[in-house]
Amino acid sequence: DRGGGGDGEARSSVGRWDGAGQVASGGEVLAGNGAACHGAEAQGPAGDWREKLADGSFPPPPLNGSAHAWHHPQEVLLRVIDYGGEAMGGKMPAFIDELEQSEKLSAIAYFQNFWSDEIYQQWMQMGGTN
């Protein structure tokens, strides 16, 4: 069982790259480093994440499968965590010197926990863990 995905349905763990321990530790990583912006359950802030803020930047997107995070392979997700979101028009800080590789992967495992199997499978077809 993978938890929510915005629609209250349980999620299967069939074919997922992560383990339950990674998901649990990733929740702690996100809580300490990203929940203030992306939400405790990766739901993002209130409002439309696609509309620019007054300063011209984009708000943090949801990471729960309802925005575009699933369009990016793991390599790109790690690069955004490492170098921040400025290149994508956001304000996310860089975590390259803040988090170990295992913590970054755990954070990804945590927010992917909210993705439906359909979204996850599409992610894998678009590059996934490559």
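## Helix packing, a core and some salt bridges

Let's start with a side chain in this predicted model: Glu75 is partly exposed, with a relative accessible area of 48%. Glu75 has a partner, Arg79, and the two form a salt bridge whose closest N and O atoms are 3.5 Å apart. Arg79 is partly exposed too, at 41% relative accessible area. Both residues belong to helix α3, and because they are four residues apart there, about one helical turn separates them.

**More charged pairs**

Side chains of opposite charge can pair when their charged atoms come close. How many salt bridges are there here? The count comes to five, and the table shows some of them.

| Pair | Closest N to O |
|---|---|
| Glu75 and Arg79 | 3.5 Å |

Asp55 sits in the loop between α2 (35-38) and α3, while Lys91 sits in the loop between α3 and α4, so their pairing ties together parts that are 36 residues apart in sequence. Asp55 counts as partly exposed at 47% relative accessibility, and Lys91 is exposed, with a relative accessible area of 57%. As for the other pair, Asp48 is partly exposed at 29%, whereas Arg50 counts as exposed at 54%.

**Where two helices meet**

Now for α3 and α4. Two packed helices are described by the angle between their axes and the distance between the axes. Helix α3 covers residues 74-83 and helix α4 residues 101-112; their axes come within 10 Å and cross at roughly 115°. The crossing is right-handed.

Which residues do the meeting? On the α3 side they are Gln74, Leu77, Leu78, Ile81 and Asp82, and on the α4 side Gln101, Lys104, Leu105, Ile108 and Phe111. Sorted by class, this contact has six nonpolar, two polar and two charged residues.

Leaving aside neighbours within four places in sequence, Ile108 is in contact with Trp17, Gln74, Leu77, Leu78 and Ile81.

In soluble globular proteins, nonpolar side chains tend to be buried together. Here, the largest nonpolar core has 23 residues, and those touching the most other members are Ala69, Leu77, Ile108, Phe111, Trp115 and Trp123. The elements giving two or more residues to this core are α1 (20-33), α3, α4 and α5 (117-125). Which helix gives the largest share? That's α4, with six residues.

Notes
Residues are numbered from 1 along each chain as its sequence is written. This is a predicted model: local features need pLDDT of at least 70, side-chain atom pairs count only at pLDDT 80 or more; totals for chains, interfaces and linings use all residues. Side-chain values use heavy atoms; hydrogens and water are left out. Axes are lines fitted to C-alpha atoms, for helices over the stretch in contact, and angles run from 0 to 180 degrees between N-to-C directions. A crossing is left-handed if the near helix is turned anticlockwise from the far one by less than a right angle, and right-handed if clockwise. Contact means heavy atoms within 4.5 Å. Ala, Val, Leu, Ile, Met, Phe, Trp, Tyr, Cys and Pro count as nonpolar, Asp, Glu, Lys and Arg as charged, and the others, Gly among them, as polar. A nonpolar core is a set of buried Ala, Val, Leu, Ile, Met, Phe, Trp, Tyr and Cys residues joined through side-chain atoms within 4.5 Å. Buried means under 20% relative accessible area, exposed over 50%, partly exposed in between (1.4 Å probe, protein chains only). A salt bridge is a side-chain nitrogen of Lys or Arg within 4 Å of a carboxyl oxygen of Asp or Glu.
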